[in-house]
Each structure stands twice: as C-alpha cells, then as structure tokens.
Amino acid sequence: MLAIMLLVIVWEGVYRIGFWPPFLLPSPYQVGQTLWYGIADFSLVIAVVASFQRLLIGYVLAVVLGTILGVALAKVRWLDQTIGFLTLGLQTVPSIVWLPLALLWFGLNDKAVIFVVVIGALWTMVISVKSAIQGVSPLLIRVARTLSYSNIRLFFKVILPAGLPGIITGLRLAWAFAWRSLMAGELLGSGAGLGQVLITGRNLGDMSLVIAVMLIVGVLGSVIDLLLFQQLESGVLEKWGHAKQG
Amino acid sequence: MLLWRVLAAGFGAICNSTKDGNIMSIEMRQVEKWFTDGSGNALQAIDKVELSIADGEFVALLGPSGCGKSTLLNLIAGLDSVSAGELLFQGKPVHNPGADRAVVFQEAALFPWLTVMENIMFAIQGGTSREKTEKAAYYIKMVHLGKFKQAYPYQLSGGMKQRVAIARALATESPVLLMDEPFAALDEQTRMMLQTELIRIWQDTKKTVVFVTHHIREAIYLAERIILFSYRPARVVKEFPINIPRPRAAGNFEIARLEAEILDHLKIEMEKAVAEEIGEEYLLEAIAGNNAAGDSVGRRI
C-alpha cells in the first residue's frame, strides 16, 4: 500500500517537473478521470469482459490439454522421449510468434487470439504437471502397492494428490503466461478487448487511456494471483506439510 | 465356521508344514537375487537363502548395513521378484505386492494430505465408511494416538509418525507384518517404547512378524529367532533361537551372552563391509593394527 502511494507521488512529481509534455505523461488525476469515465460509460467494462472471456476459454483449454499431456509424458516413456524435449523448446518460443499462423488458420477473430493464449499457457502447464508427477516420492507409491492398490486407484489416490502442489504452481504460472499472451494477441488482433483499447489510445494520442488500461491489466492480474492462486497454493502447501516443515 | 477352520488348518498343515508340524507362512528355497549396476555388471544381492518362517513367529533378519536383508524383505513383500529359487507365501509363489503382507518401512511414508485417521483408512479395503472409521479408530487406539486422530502428519513427531505407519499396516489385518528397520531413524527412548508396543501388538494379534534390523540388541529383545546374514551377497550365516522369557530386561545375563556371541559372528561380516567401502587403505591399516596391538575391529566400528 505504501509502495503504491510512493509510486503515485513520484509520478505526480515527474508530471509537475514537466519532463514530458502533459499529453505524453498525464497526471495521476487525469488517468483516474479517464478510468472513471471508462467505467461509467461501460466502455472499459465491456473491454474487460471481452478480454476475460477469451482469457478464460484459452486458459481452461490450456489447463485441460496441458494436464492430459503432462500426465501422458510423465507416464509413457516413449512419448516423453519423442515429444518431451519438444515441449521444452516450444516453451521458450514467445506465444505471439504463433499469431500470424493463427490469423491465417482461424481468420482475424477471437479464435486466433484464443489460440495464442492456449499456446502461451500450454507448455508451462505440461512441464509443471509432468515434473509434479515424476517428483512423487517412490516410497508413497510402494506403500500403496503393498496395500493392493490398482494402478488406476494409485493414480487418483496417491500420484495426483501427491503432485498437487506442483500442479497448482503450474496453474499459477499458466495463468500469468495466458494473461501476457492475451495482451500480445489483442494488441495485434481485433475485436473488443483491453488490447484494442490500448491501440485506440495510442492512435488517438490519449496517453491517459493507455495508462488506465495498463493499470487495469496490472491490477487484475495481480489481484487474481493474490486472491486465487496464492491462497490456493499456501492452503495446499500447509496441508501437505511443506510450509511447517520448512 | 469352526469346523471349516480346523479343516483348513489341517489341510494347510499337510501342504506346507515342517517336521515340527508348524504351519509355514513364508518359505524360501534357494532364493537368489541379482541386480544389474549402471555399467551392466551383474551384482548378487542374495545367495541361496533357505528359510522357513512359521505362522505367528517373530523373526529378526540381522546383518551388516547394506548386506541385502532389506532386499530379501522386498522379495517377500513382492515389491521385487526373485532371480532364482522359490519364494512361497502360504504355499503360493509370490509375484506381486499385496495387502496380505503389510510393510512398515524405515520412513513412516504417510500421505501428507491425509489426517492420521484417513491415513489408516487408506489401508482398509471394503466395508462401509462407518465400518472403516470404526476399524481405523480401533487401530489408532492400539498405537495410543487417539488424541491425534485428526492431526496431519507434519504435526506429529517421528515416533508418532512411525506408530501411524504401524497402525496403517495393522489395519490391513494381514497375517504377516514385514518391518524394514522401522525404528532405525528414531531416538533411543522412542525406539524402546515402540519395541515394547510392538511386542504387545504381536502378542495380541498373533501375526507373523519379519523384522529387518542391523541392531543386535533390538533383534534379541524382540525376536523368537534371529537369522544372521553375511555381507553381500546375503547368505544365512547362523540361526539363533531366543528362548529368553518376556519381558526381556536389559540387564538379563542371557541377553548379554547372546549379544556377545552374535557380535562375534557379525564382526567378520562387518569387516568385509568396511573393507569394501574403504578399500585397500583399510586393509593395510587393519594389517598394521593387527601386527601392533590386536583388535582393530573394536576401534574401527
């Protein structure tokens, strides 16, 4: 909270010094005003909702596909040896480079952006799930085997819960990657959404709109991380005994 | 029901009994186990072990660390398969692990996301959830953890965790309890307390217990029979029947005598183990030590 106030004071200070002309660096007050008008006339609200729709669809797809692929890679050796290293390579490619291809495949619409979001979040999820499952203590698996657990029960009762902390870390990372990919995709893509509002702001030379959108993106991303993923993670870690054991 | 039991027992006795007429729980005939190391060499862990363990017997497998006695236990558990020879459990060859041979490992290996209660219920197959809860509660009481039913493993001490692991193994209601150095990681006081509890549980439940340890006094204190193994590959060196009446007190003369006797045999195996680990350097030192003033083993180990 203190850090935010400090940032606003510095911002206001730089604005008053007049390093940049006001149309390039608006004051916190002007940005606040733009934010308020955008919320009041629903233009920003509509943009947030549109962006979130794409984000959620893309994220859910990435999580589901990533989990399936991650489990498959962890369990099937020949699959890991063939496409396992590919996932590592693909993860290092920024998802936005897929956009030109996506635009040709899906056309200039939502699908292309969603595709970029899926690609952006998928590989992190795959790698997290895979290493979470491979990292399950062999001793726990042996215990379950001596208790006559079949492979399917073993997977759902031991391997999956034991890997849950790692899987949740994957969910959190995938969320961050999805959010970034969405913004990149929307900047270059089309339709309603925060990315397009950002482009509009730039085209109109309306820097207070640009900064307002940046604020929304930053705040939404971190609020969700804080309220959803960090809560989930710390809850699981504590129950799994990691937090207390150190 | 009773008639059936008598018949079953009689039939079992005909099929797998020794000259003494005891019903055999576990039988090993010329059991061997070979492993392949990283560079493709075959390593022998167990060499032609002949061993019969009677129903309800408490047997300790004793040997130097790393001799292969845990491997032998894994074979009985079905976690590993024999390379040669025959390993029978209740007259049938062992192929897979199963809840009829519950295992307690050196680490408690509890499921961290389950409470004590849930960890024990994990081992109970079949029955309604109420039956499961009642059964789990019964075994929690048996290891005196009633107050910690709802605790998670990270809230328990090492000794308490191991008691949960024992209760989990008991909850399978298997006729056999396999224990792989279950108290080795615990402090001396906890170890003594759990040994006493284990004896009581064994006397109450009449299970067959196979207890792997490298601790001579622990073996004497617990077992009815000690099987002493050689260093790699594990061979049976000698068997020691233990007829000391229970409770076996620490000051008992017979315990001290037996301990000395077993130690004499074990020393030779320990020498081999140390020689292999430290290598030639040790052998030279040992020779020098022997020439100078006698027993180097006592100081080195």
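Here are some notes on this predicted model, going through chain B sheet by sheet and then turning to a few single residues.

1. Start with the overall picture of chain B. It has 10 helices and 10 strands. Of its 301 residues, 49% are buried. If you take the contacts in chain B between residues at least 6 apart in sequence, 67% of them join residues at least 24 apart. The accessible surface of the chain is about 14700 Å², and carbon and sulfur atoms account for 54% of that.

2. Now the six-stranded sheet. Reading across, the 6 strands of this open sheet in chain B go S6-S7-S8-S3-S9-S10, with mixed pairing. S6 (101-104) and S10 (236-241) of chain B each have a single partner strand, so they stand at the edges and one side of each is left without a neighbour in the sheet. From one strand to the next, the twist averages 15 degrees. Helix H5 of chain B, residues 158-171, packs on this sheet and touches both S6 and S7 (176-180) of chain B. The direction of H5 makes about 175 degrees with that of S6(B).

3. S9 of chain B (residues 225-229) pairs with S10(B) in the antiparallel sense, over 5 bridges. The two strands make a hairpin, with 6 residues between them.

4. B:Pro233 is in the loop between S9 and S10 of chain B, and the peptide bond leading from B:Arg232 to B:Pro233 is cis, with omega near -10 degrees. For context, most peptide bonds are trans.

5. The other sheet to look at is antiparallel. It is an open sheet of 4 strands in chain B, in the order S2-S1-S4-S5. The edge strands here are S2 (42-54) and S5 (92-93) of chain B, each pairing on one side only. Helix H2 of chain B (residues 69-77) packs on this sheet, touching S1, S2 and S4 (84-89) of chain B, and its direction makes about 120 degrees with that of S1(B). S1 of chain B (residues 24-36) runs antiparallel to S2(B), and 9 bridges join them. One pair to pick out is B:Thr36, opposite B:Ala42 in S2(B).

6. Two backbone angles are worth checking. Most residues other than glycine have a negative phi. B:Gln30, which is not a glycine, has a positive phi of about 50 degrees, and this residue lies in strand S1 of chain B. B:Ala109 also has a positive phi, near 50 degrees; its place is the loop between S6 and helix H3 (116-121) of chain B.

7. Are those two residues buried or exposed? B:Gln30 is partly exposed, with a relative accessible area of 37%. B:Ala109 has 12% relative accessibility, so it counts as buried, the cut-off being under 20%.

8. Finally, a surface feature on chain A. A:Ile17, A:Phe19, A:Trp20, A:Phe23 and A:Leu24 make a nonpolar patch of about 630 Å². Within this group, A:Trp20 lies in the loop between helix H1 (2-17) and helix H2 (28-40) of chain A. With a relative accessibility of 44%, A:Trp20 counts as partly exposed.

Key
Residues numbered from 1 in each chain as written. Chains lettered and ligands numbered in written order. Predicted model: local features only at pLDDT ≥ 70, side-chain atom pairs only at ≥ 80, totals over all residues. Heavy atoms only, no water. Pairing = 2+ DSSP bridges. Axes fitted to C-alpha atoms, helices over the stretch in contact; angles between N-to-C directions. Contact = heavy atoms within 4.5 Å. Buried < 20%, exposed > 50% of the residue type's maximum accessible area, 1.4 Å probe, protein only. Areas by Shrake-Rupley, 256 points an atom, 1.4 Å probe, with all protein chains shown as cover. Patch = residues over 30% accessible without salt bridge, like charges linked within 9 Å, V, L, I, M, F, W, Y side chains within 5 Å. Salt bridge = Lys/Arg side-chain N within 4 Å of Asp/Glu carboxyl O.
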